[in-house]
Amino acid sequence: VFQLSVPLNFLGSVYRELRQSLLDMETLFNLQKVNVSITEKPSAPPLTLPKGGEIRFENVSFGYHPERPILNNLTVTIPAGKKVAVVGPSGCGKSTLLRLLFRYYDPQCGRILIDGQDIREVSLESLRRSIGVVPQDTPLFNDTVELNIRYGNLDAPLEKVHDAARRAHIHDKIESWPDGYQTKVGERGLMISGGEKQRLAVSRLVLKDPPLLFFDEATSALDTHTEQALMANINEVLRERKRTSVFVAHRLRTIYDADLIIVLKEGRVVETGSHRELMELNGLYAELWAAQEMLMDRAGERVKEA
Ligand code: ATP
């Protein structure tokens, strides 16, 4: 028995590692990784978070092609434990900030610090383990609901998986599916709605419970009602765990309650503040807000007319 269990354990750990790399691949594809040229320092120490996850961009300049800069000498601090939103016109570099934080690319100038440590100086594994991402479109694997949630933490006991699903308000729904947590989802499995998919993504994140949470247009594919419900769930988890969270958002209504809103334009920070402060400033944020409200009103009128 002993002889047999050793290789099985070994296989088990290989299997877990494989799953984990699949999970990393998933995040990677969602952030549209195309670059593989970043290198890790030999025997780099792990990232530590003595301040609780303060993120600082210091004079960061970056372009996917150096002759076409996307971020221009950008300096901004994302305080530990706060909910922060990055907004701005399409193409201004919001998602690029997240890709740099994940070290899919390194900036050409400047540095990115997490709790005072340059992210190029710490091990990649520890950096990526500290970060959880909910992307715009969460791909589901052709596997059971349970495993799809478990990708967040492969060794978690079943009770924790259920807890995570409860936190994401999807537990009861899962129980109502034909095979409960053993129901197969993904391309060849049960058809589930966009909202349910996003809730599974949130379950996964709750289970992983990373100190830094990134939401990359995570709710933009949802209708307004589902989006609000999901945001309420996310906010509840964030408040409770006091995690640093960064939301890249188009719809300003989803982030107006953020502690800090960073407004980007052409790769520079043009305004920062709370919703109220930015409205009073009457600059780009106020302009974007007014434009979106007008669209909402028009949409409302169309509904009334119909
Ligand atoms: P949106 O709100 O439209 O999602 P964004 O503010 O998130 O935009 P980014 O996705 O960060 O913008 O992209 C910033 C710029 O970089 C865009 O002009 C985009 O076309 C360009 N870009 C993004 N990814 C790449 C890439 N892999 N290679 C080359 N250019 C890229």
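1. A word on confidence to begin with: pLDDT is the predictor's confidence in each residue, on a scale from 0 to 100. This is a predicted model, and the protein chain averages a pLDDT of 85, with 85% of the residues scoring at least 70. For the complex, the predictor gives an ipTM of 0.95 and a pTM of 0.82.

2. Please take care with the start of the chain. Over residues 1–7 the pLDDT stays under 50, and the model has zero contacts there beyond four places in sequence. Where pLDDT is low, the predicted coordinates should not be read in detail.

3. Now the overall fold. The protein chain has ten helices and twelve strands. Of its 306 residues, 48% are buried. Counting contacts between residues at least 6 apart in sequence, 73% join residues at least 24 apart. The chain exposes about 15,800 Å², and carbon and sulfur atoms supply 53% of that area.

4. Which residues are closest to the ligand? They are Ser90, Gly91, Lys94, Ser95 and Thr96, out of 15 residues that surround the ligand.

5. Arg68 places a polar side-chain atom 3.0 Å from an oxygen atom of the ligand. Gly93 uses a backbone N or O atom, which lies 3.0 Å from a ligand oxygen atom. For Arg99, a polar side-chain atom sits 3.5 Å from a nitrogen atom of the ligand. Taken alone the ligand exposes 630 Å², of which the protein buries 72%.

6. Helix α5 covers residues 158–167, and its buried residues are Val161, His162, Ala164, Ala165 and Arg167. An α-helix has 3.6 residues a turn, so residues three or four places apart point the same way. After α5 comes His169, whose phi is positive, near 55 degrees.

7. Is Gln198 buried or exposed? Gln198 counts as buried because its relative accessible area is 3%, below the 20% cut-off. Leaving aside neighbours within four places in sequence, Gln198 is in contact with Pro135, Gln136, Thr138, Ala218, Thr219, Leu222 and Leu230.

8. Ser130 is a loop residue that I would also point out: it is found between α3 (124–129) and β6 (131–134). Ser130 is classed as buried because its relative accessibility is 8%. Beyond its neighbours within four places in sequence, Ser130 is in contact with Leu47, Pro210, Pro211 and Leu212.

9. Finally, Leu260, which belongs to strand β11 (residues 260–265). With a relative accessibility of 18%, Leu260 counts as buried, since the cut-off is under 20%. Not counting residues up to four places away in sequence, Leu260 touches Thr77, Pro79, Lys83, Val84, Ala85, Thr272 and Gly273. The C-alpha atoms of Leu260 and Ser274 are separated by 5.1 Å, although these residues are 14 apart along the chain.

Methods. Residues numbered from 1 in each chain as written. Predicted model: local features only at pLDDT ≥ 70, side-chain atom pairs only at ≥ 80, totals over all residues. Heavy atoms only, no water. Near = heavy atom within 4 Å. Polar contact = N/O pair within 3.5 Å; in protein donor to acceptor, adjacent residues only side chain to side chain. Areas by Shrake-Rupley, 256 points an atom, 1.4 Å probe, with all protein chains shown as cover. Helix = DSSP H or I, 4+ residues; strand = E, 2+ residues; numbered from the N terminus. Buried < 20%, exposed > 50% of the residue type's maximum accessible area, 1.4 Å probe, protein only. Contact = heavy atoms within 4.5 Å.
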